[in-house]
Amino acid sequence: MSDAVTSSATDDPRPLRAPTRTPEFEARLRQRYKAEKRFKYAGLGAIIFSVVVLLFLLATMTINGIGGFQRAELEVPIDFTQAGLAANPAAMEGNGAQLALEQQGLPDVVEYFAQEALGAEGADKLGSQAWREVADAIADDPGILNRSETFWLPTTDDFAQALEGDGSPELQALATQLSDAGQLDKNFDSGFLARADATDPQEVGIWGALKGSILTMIVTLLLAFPIGVLAALYLEEFAPKNRWTDVIEVSINNLAAVPSIIFGLLGLAVFLTIFPNYRSAPLIGGLTLALMTMPVIVIAGRNAIKAVPPSIRDGALAIGASPMQVVFHHVLPLALPGILTGTIIGMARALGETAPLLLIGMRAFIATPPEGFTSPATVLPVQIFLWSDEIDRGFVERTSAAIIVLLLFLLAMNAIAIYLRNRFEKSW
Amino acid sequence: MSPAILFLLALGLGLAGWLAARARAYGMRAASDTGRLASLPQYHGWYVALWVAVPIVAFAVLWSIIAPQIVLNSVLAHPAADALPEFGFKRTQILSEARAVATGAAQGVFDPMARPLIEPFRGAIERTNIIGLVVALLLGFAGGAFAFLRVKPDFRARTKVERSMLVLLLLASLVAILTTLGILVSLVFETIRFFGMVDPVSFLFGTHWAPDPMASADNPDVTRYGAIPLFWGTIFIGAIIAMIVAIPLGLMSAIYLTQYAPPQVRTWVKPALEVLAGVPTVVYGYFAALTIAPAIRDMAMSVGISNASSESALAAGLVMGVMIIPFVSSMADDSIAAVPGAMRDGSLAMGATKSETIKRVLVPAALPGIVAGVMLAISRAIGETMIVVMAASTAANLTGNPLESMTTVTVQIVALLTGEGSFDHPATLAAFALGFVLFLVTLALNFVALRVVKKYREAYE
Amino acid sequence: MVTQTSQFEDDSAAPSGPPKMEAQGVSVFYGDKKAIDDVSIDIPTDYVTAFIGPSGCGKSTFLRSLNRMNDTIPTARVEGTIKLDGDDIYDPKLDVVQLRARVGMVFQKPNPFPKSIYENIAYGPKIHGLASSKDALDEVVERSLKRAGLWEEVKDRLDDSGTALSGGQQQRLCIARAIAVDPEVILMDEPCSALDPIATARIEELIHDLRGRYAIVIVTHSMQQAARVSQRTAFFHLGKMVEFGPTSEIFTNPKKERTKDYITGRYG
Amino acid sequence: MVTQTSQFEDDSAAPSGPPKMEAQGVSVFYGDKKAIDDVSIDIPTDYVTAFIGPSGCGKSTFLRSLNRMNDTIPTARVEGTIKLDGDDIYDPKLDVVQLRARVGMVFQKPNPFPKSIYENIAYGPKIHGLASSKDALDEVVERSLKRAGLWEEVKDRLDDSGTALSGGQQQRLCIARAIAVDPEVILMDEPCSALDPIATARIEELIHDLRGRYAIVIVTHSMQQAARVSQRTAFFHLGKMVEFGPTSEIFTNPKKERTKDYITGRYG
Amino acid sequence: ACGSEGGGDTRNSIRAVGSSTVYPFAKAVSEAFARSNPDFGSPIIESTGTGGGIQLFCSGIGPSTPDMANASRRMKASEFETCQANGVTEIIELQVGLDGIAFASAQGGIDMNLTPEIVYRALAARPYGEEQTAKNWSDVDPSLPNKPILVYGPPSTSGTRDALKELVLEVGCEANPEMEAVKEADEDRYDQICTEVRSDGAYVDQGEQDNLIVQKITGNSDAVGVFGYSYLEENADRVQGLPMNGVDPTYENISNFEYPGARPLYVYVKKAHLDAIPGLKQYLAQWTTMWSKGGPLADIGLVASPEDTMARNQTAATQYTTIDGSELN
Ligand SMILES: Nc1ncnc2c1ncn2[C@@H]1O[C@H](COP(=O)(O)OP(=O)(O)OP(=O)(O)O)[C@@H](O)[C@H]1O
Ligand SMILES: Nc1ncnc2c1ncn2[C@@H]1O[C@H](COP(=O)(O)OP(=O)(O)OP(=O)(O)O)[C@@H](O)[C@H]1O
Ligand SMILES: [Mg+2]
Ligand SMILES: [Mg+2]
Ligand SMILES: O=P([O-])([O-])[O-]
C-alpha cells in the first residue's frame with residue numbers, strides 16, 4: 001500500500017504522486033506479466049494437446065489402415081483349355097454362375113493348378129474361397145475358358161500373417177520362399193471397396209456396410225429433414241407462447257441431449273415390436289436415427305431462422321404478404337444454408353452412430369450387400385465394431401481401413417458444413 | 001389394396017384437381033373487371049388439390065386398418081376355415097401365413113394347415129381391393145367437386161390453404177413430443193415389469209451385479225441385480241476420470257482460442273477441434289482398446305502394479321475425456337463469448353492484464369454457463385456407449401482403483417440386449433430399467449443445464 | 001444559440017376532403033405496459049404528417065398500429081378504433097393482408113430483400129396478383145422505380161442484389177417497393193436516421209414529390225426534418241399525444257409548455 | 001426557433017499548467033479504413049473537454065486511442081503521437097497496463113462487473129496491489145464511492161450485486177470504480193446516453209465536482225450536455241477535428257461553416 | 001409378434017441363433033452360401049450362446065422365430081419338450097463336427113498339467129460343500145505354480161460353460177466319493193456343490209466373446225482361458241493349450257475323444273420352415289459340403305466328426321429326418 005493512497009484519504013485535491021507510478025507498482029507488474037505468460041502457455045498447451053491427440057489418432061489409423069487396403073496374393077496360372085469346364089452361356093447369366101461353376105468342380109480345378117504352380121504346400125495356403133474370384137472372372141468373360149490366364153488369388157489369413165513376419169517359422173520360411181520366387185505378393189485389394197463382410201480377413205470388403213450406411217442415411221434424411229425443418233419453422237415463426245409450445249421446446253432440447261443408446265431402446269421396444277420382421281433393416285435403423293437427428297436439425301434450424309433479421313419479415317409483411325408467404329418466400333430461403341449446415345452435422349453424427357443400431361440388430365453377420373431398405377444390413381461403424389472384436393490380426397488392418405473410409409466420409413461432410421457456414425454465413 | 005396405390009391415386013387426382021382449379025381461377029381472373037381475385041389462382045389449385053388428396057389419404061390410412069379385418073371375416077366365412085383351431089396364437093399364425101402367401105409376400109407356408117386358406121385369401125383380398133379403390137375414387141371426386149364449386153373470384157383460398165399448411169407444421173413439431181413419449185413408454189413399461197420381478201430397493205442399492213439370463217425367470221435371484229457397481233463405474237469413468245481430463249483442457253482451450261489465439265490459428269484449430277468432436281465414438285473406442293489400454297497396462301506393469309487390467313477404467317475414461325474436450329470447449333467458448341464485451345473492456349480499462357481479466361471477470365461471469373456446459377458434458381459422458389463397450393469390461397467391480405476394470409450402465413445395456421434375450425426375463429428387462437435410470441439422470445442434468453444456460457443468456461441479452 | 005433556417009411552406013389551410021385515417025381513443029399495450037395512451041388523430045390525405053417526440057415516447061408504436069404491424073408482436077394489444085376510409089381496420093372480418101397492401105410502410109433501417117432489385121419491386125405485385133403478365137410486371141417495376149427516383153440509377157442493373165445498393169438507394173428501393181402495390185397511405189418510421197445527409201436530402205425531396213398522391217405519415221427524431229417535410233406535426237410524450245397541428249405552428253408557437261421545452265432542447 | 005437556455009461558465013481563461021495529454025497528427029485506421037484523420041489536440045488538466053459531432057464521425061475512436069483501448073480491436077491501428085505528461089503512450093516501452101491505470105475510462109452503457117458493489121470498486125486496487133490490508137481496501141472503497149456520490153445510497157448494501165443497481169447508480173459505480181485506482185485522466189464515452197434525465201443530471205453534477213482533480217474528457221451526442229458540463233469543446237466531422245476551443249465560443253460563435261451547420265441542425 | 005389376427009408378416013432370409021462356438025463355422029457356411037446363391041438373402045447368424053439360442057428356437061414356429069439353432073452341446077430333453085409345447089414338433093438335428101473345451105494360457109505363460117479335480121477345486125464356489133479358500137494354484141495342489149488363480153471363461157448362457165460343468169467340473173466333483181451320496185440325497189444341493197462357479201473374481205465371465213478371452217490371456221501370462229478348441233487352433237501362435245489328465249488338446253486327441261473336454265457340435269433346424277424360408281434347404285446342403293475333414297471348416301478349427309456320424313448327418317440334411325425326444329437326456 002503506497003502512502004500516496006493513504007495520504008489522499010485526507011482528501012487533498014489531488015494525489016501528490018500517483019500510486020500507479022511507484023517502483024513497487026512496476027515490480028508487481030513484472031510478476032503479473034509472468035503470471036500472464038504462464039496462463040497463456042497453459043492455454044496453448046491445452047490446444048496443442050488436443051490437436052496432437054487428434055493427429056496421433058489419425059496417424060495411428062492411417063498407418064494401420066493403409067495395409068488394410070492390401071492383401072497377400074498368390075500367383076496361379078490356370079489353363080482352362082485343360083480344365084474341361086463348360087461355359088454354358090445360360091448358366092453364366094445372372095446370379096447362377098458361382099453355383100454352376102462350383103458344381104462343375106471349379107474349386108478342384110483351381111486347387112489343381114495351384115498345386116502345379118506352387119506345390120502342395122503352397123496350394124494349401126490358398127484361401128478356401130479363392131476360387132470364387134476365378135468364378136467371377138469367368139462370369140464376366142466366359143471367353144477365358146478357351147485360353148489360359150494368370151490370377152492373383154488371396155492366401156489364407158495365416159499365410160498373409162506369415163508374410164508379415166508373424167506366425168510359425170515354417171510358414172514364414174515358405175512365405176519367404178514364394179515371395180522371393182515372385183509368386184507371393186501384397187497387392188492393392190480393389191475388392192475391399194466392393195465386397196461385403198466375410199469370416200476371413202483376406203476376403204472381407206466394406207461395400208456391404210457402406211451400402212447399409214447409405215441406405216440408412218437416406219431413410220434418416222428423408223424423415224428427419226422435412227420434419228425437422230417444418231417443426232423449426234412452426235416453433236420459431238408460428239407457435240404461440242404457451243405451455244404446449246414450452247413442452248415441445250423442452251422435449252426437443254432434451255431429445256438432442258438424450259444418450260443415443262436410449263434411442264436404441266426406443267427402436268427395440270417400439271419399432272421392432274411393430275415391425276418384428278424388419279430387424280436389422282436400414283428402414284428401422286434409419287427411423288431410429290431420424291428421431292435422434294431430428295432435434296439436432298430443429299435446433300440448428302431454429303438458430304438459422306432466428307438469425308434471419310426481423311426487418312426482412314417486417315418488410316414483407318408491410319407490403320401485404322401473409323405470414324406463411326413471408327416464411328416460405330423469404331425466411332426459409334435465407335435460413336437454408338444454416339439449416340443445411342445443421343443437417344449435415346446431424347447426419348454426420350448419425351453416420352457415426354453405433355450403439356442404438358447394435359440394439360436393433362444391425363450387428364448381424366451379413367455376407368452380401370443389402371438389396372434394399374428392408375433387407376438385413378449393417379452399417380460402417382457397426383462393422384468397425386464387429387471387426388474390432390475379431391482376434392485375427394488381419395482384421396486389425398481391415399478395421400483401420402474401414403475407419404479410414406468412415407473418417408473420409410465424415411471429414412467430407414464436415415468440410416461441406418464448414419464451407420457452407422463460411423460461404424453463406426451472413427451478418428445482417 | 002396396398003396403401004401405396006391409394007397414395008399414388010391421391011397424388012394423381014390431386015394434380016388433376018390442381019390443374020383444373022387453377023385454370024378455372026385464371027379464367028375468372030380474365031373475366032373479372034378488376035383483374036384481381038381474392039387469392040392467386042395457384043391457391044385455388046392447392047385448395048382443390050388438398051380437398052381431393054386429403055380424403056383419399058385419410059381413407060387409405062383408415063382402409064389399411066379395416067380392410068384386413070374385412071378380408072379376414074370373409075375368409076373365416078369360407079368352409080376351408082372350419083378346420084382352423086380355436087382362438088389362440090396358432091390360429092393367428094396360420095392365418096397370417098396364408099395371407100402372406102396370398103399377397104405374394106412369402107413363398108410358402110410354415111404350417112400345412114394354412115395352405116387351403118390361400119385361395120380364399122386371394123379372392124377376398126381382390127374384392128376388398130376393388131371396394132377400396134371405388135370408395136377412394138368417390139371420396140376424391142366428392143371432395144374435389146365440393147372444393148371446385150367454391151372457386152369464386154372473392155373466395156379466399158389462400159387463407160384455407162395456409163391453415164392446412166399450419167396444421168402440417170404443427171404436426172411436425174408434435175413428433176418431438178411423440179418421440180419423448182415413445183421413449184418414456186418403451187422404458188417405463190418394461191421397467192415396471194422388471195420391478196415386478198426384482199424389487200427397486202435391491203436393484204438401486206444392491207452391490208452385486210451378475211444377472212443370469214439362463215436362470216429361470218420365475219423366481220429370479222434378486223441379489224444378482226444390484227446396480228450400484230454399474231452406477232459407480234459409470235460415475236467413475238464418465239463423471240470423474242473423463243472430466244478430470246476434459247474440464248481443464250476444454251476450458252483452457254476455449255480461453256486460448258477466444259482470447260489469445262491469432263485469428264489465423266483460430267480459423268484452423270477450431271475446425272480441427274470440431275473434427276475431434278465429429279470422430280465417431282466407435283473410432284475412439286477402437287483407439288482406446290487398441291492403443292491406449294495396452295499402453296496404460298504396460299505402464300502400470302513397468303512401475304510394478306501387477307494387477308492392472310487391460311480394460312482399465314482409466315483407459316476408457318481418458319479417451320472419453322479427450323472426446324469430450326471439444327464439447328466442453330465449445331460450451332465454454334459460447335459462455336465466455338456471451339459475456340458482454342463491455343465487461344472485458346471495463347476490466348481492461350482498469351488496467352487489468354488479459355489473464356486477470358479472464359480469471360477475475362470473464363470466467364466468473366461465465367461460470368453459470370460453464371457449469372451448465374460441464375453438466376451437459378457429464379450427461380454426455382455417462383450416456384456414451386461405444387468407448388466403454390470397447391475399452392471397459394463387463395466385469396462389475398466396485399472399486400476406486402482406476403487401473404482395474406469396471407463396467408458401466410451403457411455397457412450392460414448393450415451386453416444384456418445384444419443377445420436375443422426374451423422380453424420376459426428379468427435380465428433383459430434389467431436393461432430397460434438401467435436405460436430408464438440413465439434417461440432420468442441425463443434428463444435431469446440436461447434440464448437443469450439447459451435452464452441455467454437459457455437464464456444466463458437472457459441475463460445478458 | 002441555435003438558429004432555425006428552414007422555411008415553412010404554407011400549411012395553414014385545412015386539409016381538403018375527409019381524413020384518410022382516423023384514430024379515436026387509441027391505446028396500445030405491451031403486455032401490461034401502456035405504451036400509447038388514448039391518442040386521437042386524423043391523418044389527412046394531401047399532407048405529410050410528422051410524429052415527433054423523445055425516444056421511447058411511443059411514436060413507432062402508434063405508427064405501427066396504423067397498419068397493424070403490431071400484430072406481429074405477441075404481447076401488443078390495441079384499444080380504441082382506427083379507421084381507414086371509414087372502415088375499422090381492427091374489425092376481425094377485415095383481412096390484414098389487404099390492409100397492409102393499402103397502408104404501406106418504410107422502416108428506419110432500409111430492409112430490401114436479399115434478392116435482385118427487380119424481384120424486390122415485383123414481389124408485392126406478384127403475391128397480390130396485380131400483374132397478369134411479365135410485361136405488365138415490368139411496367140409496374142419501372143413505374144415504381146421511377147416514382148421513387150431510382151430508375152436512372154438502377155435501370156441497367158435490375159438483376160443486381162438489392163442489398164448491394166448504398167444505404168440511401170436501399171431506402172428508396174424500399175419506398176419503391178411500397179409504391180409498387182399502389183398503397184393509399186405510406187407510413188415511414190425514421191426513414192433517414194440511418195442515412196448520410198445527402199441521401200437524407202434525396203429522400204426528403206422524394207417525400208415532397210410523393211405528397212398528394214399518397215397520404216404520408218413520417219416519424220422523425222430530427223425536428224429540423226419534421227419542419228422541412230411535413231405540414232402537420234404531432235408531438236408525442238410519454239405515450240400521450242401532447243399537441244397536433246400545422247407544423248409551422250408547433251415549431252414557432254407551441255401551445256403546450258411540454259412541447260416548447262422539447263423544441264428548445266430541455267429534454268430528449 | 002431554438003432558444004438556448006443554459007449558461008456557460010467562464011471558460012475563456014487559458015488552462016493552467018502544461019496539457020495533461022497531447023495528441024499530434026493522430027490518425028486511426030480500422031483495417032484500411034481511416035476513421036480518424038490527422039487530429040491534433042491538447043487535453044488540459046483542469047478543464048472538462050467535450051467531443052461532439054454526428055454519429056460515426058470518430059469521437060469514440062479517438063477517445064479510445066487515448067488510453068489504448070483500441071489495442072483490443074485487432075484491426076485498429078494508430079498513427080501519430082499521443083503523449084501523457086510528455087511521454088509517448090504508444091512507445092513500445094510504455095506499459096499499457098500502467099497507462100490504463102493512469103487514464104481511466106467510463107463507457108456508454110454502464111458495465112459494472114457481475115460482482116458485489118464492494119468487489120466492483122475493490123477490483124482495481126486489488127489487481128494493482130494498491131491496498132496492503134483489508135482496512136486499507138475498505139477505505140479506498142469508501143472514499144471512491146463518496147467521491148462518486150454513491151456512498152449514501154449503497155453503504156448498507158455493499159454486498160449486493162453491482163448489476164442490481166439502477167442505471168444511473170451503475171454509471172456512478174463505474175465512475176467510482178475508475179476513481180478507485182487514482183487515475184490522472186478520466187475518459188467518458190457518452191456516459192449518460194443510456195440514462196434518464198434525472199440520472200443524467202446527477203452524473204453531470206458529479207463531473208462538475210470531479211473537475212480539477214482529474215483531467216476529464218467526455219464524448220456526448222447532446223449539444224446541450226456539452227454546453228452544460230464542458231469548458232472546452234472539440235467538434236468532429238467525418239473523422240476530422242473541425243474545430244476546438246472554449247465551449248461558449250463553439251456554441252455561440254463557431255468559426256467554421258460546418259460547425260455552424262451542425263449546431264443549427266442542418267445534419268446529424 | 002403381429003397384433004391383428006392374420007396380418008401378413010414374412011421374412012426372406014434365414015435366421016440362426018445360438019452357440020458362440022459354432023458361430024464362426026455357421027458364419028463361414030453362411031458366407032459361402034450367400035456367395036453361391038446371390039438370389040437368396042444372406043443368412044443372419046447371431047451368437048447368443050447355446051442356451052439362449054435354443055430357448056429362442058423353441059419359442060414357436062413362424063417368421064418371428066429363428067429357423068435354426070446352433071449348439072455346442074446336444075439339445076436337452078427339457079428343451080425338446082418346450083419346443084414340442086410351443087409347436088416346434090419336427091426338428092432336424094445335424095452334428096456338424098467336434099470341438100473341445102480348451103484350457104489355455106499365453107505362449108510362454110503359466111503352464112500346468114490340469115485334471116478335472118484340480119479345475120473343480122480351483123473354480124467351484126464351494127468345493128465339496130466347503131468354503132472356497134484357494135487363492136493361488138499352489139493352494140489347490142502344492143505341485144502347481146504359486147500364481148493367483150485367474151480364469152477367463154464363458155458365461156452361464158453358453159454351451160461351453162455347460163461343457164465345462166459336465167465334462168470337467170462334475171467329473172472333478174465326483175472324484176470325491178461323498179458326492180455320490182449327496183447326489184442321491186439331494187439333487188439340487190449336488191448341482192450347487194458340483195457345478196456352481198466361484199464369483200469372487202478368480203473366474204471372470206467374459207460374455208459371449210471367446211476372442212476377448214484370447215486377448216485377455218495373451219495380455220496376462222498368469223491367466224488361464226477357457227474356450228473352444230477352434231480358437232486355440234486359430235491362435236496357436238500366441239496361446240498354448242494346457243494338458244488335461246496329461247492329454248494335450250489337439251485335433252487328434254479330440255477326434256478320438258481321448259481329450260476329456262471333447263464334445264460334438266450341433267445345428268438344429270425347424271422342418272416346418274424348410275418350405276417357407278427361401279434358401280433354407282440349400283443352406284443345409286452347404287453345411288454338408290464344408291464339414292469334411294480337410295474342408296473349409298476344418299481350416300478354421302472344426303474337428304470333423306467320425307465317418308459314420310458324418311454319413312448319418314448327411315442323410316439327415318438331405319432327407320430331413322427329424323429327431324424324437326427319447327434319445328435326448
Ligand atoms: N416489443 C415491445 N415490447 C415491450 N415494450 C415495447 C416494445 N416495443 C416498444 N416498447 C416500449 O414501448 C415504448 C414506446 O416505444 P416506441 O418504440 O414506440 O418509441 P419511439 O417513440 O418510437 O422511440 P424511438 O425514437 O427510440 O424509436 C417504449 O417504452 C418501449 O420500451
Ligand atoms: N471495430 C471497428 N471496426 C471497423 N470500423 C469501425 C469499428 N468501430 C468503429 N468503426 C467505424 O469507425 C467510424 C467511427 O466510429 P466511432 O464509433 O468512433 O464513431 P462515433 O463518433 O463514436 O459515433 P457514435 O456517436 O455513433 O458513437 C465509423 O464509421 C465506424 O463505422
Ligand atoms: Mg421508434
Ligand atoms: Mg461512439
Ligand atoms: O456359445 P457357446 O458355444 O459356448 O454356447
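Is Phe7(B) buried, partly exposed or exposed? Phe7(B) is partly exposed, with a relative accessible area of 37%; by definition, buried means under 20%, exposed over 50%, and partly exposed in between (1.4 Å probe, protein chains only). The structure is a predicted model, in which local features need pLDDT of at least 70 and side-chain atom pairs count only at pLDDT 80 or more, while totals for chains, interfaces and linings use all residues. Residues are numbered from 1 along each chain as its sequence is written, chains are lettered from A and ligands numbered from 1 in the order in which they are written, and side-chain values use heavy atoms, with hydrogens and water left out.

Phe7(B) is found in helix α1 (residues 3-31) of chain B; helices here are DSSP runs (H or I, at least four residues), as strands are (E, at least two), numbered from the N terminus. Helix α2 (residues 41-77) of chain B supplies 5 residues, the largest share of the nonpolar patch.

Attention now turns to chain C. Ligand 1 is surrounded by residues that include Tyr30(C), Lys33(C), Cys57(C) and Glu190(C), where a residue is near a molecule if one of its heavy atoms lies within 4 Å of it. From Lys33(C), a polar side-chain atom lies 2.9 Å from an oxygen atom of ligand 1. Cys57(C) instead places a polar backbone atom 3.2 Å from an oxygen atom of the ligand.

Terms used
A polar contact is a pair of N or O atoms within 3.5 Å; within protein, one must be able to donate a hydrogen and the other to accept it, and residues adjacent in sequence count only if both atoms are side-chain atoms.
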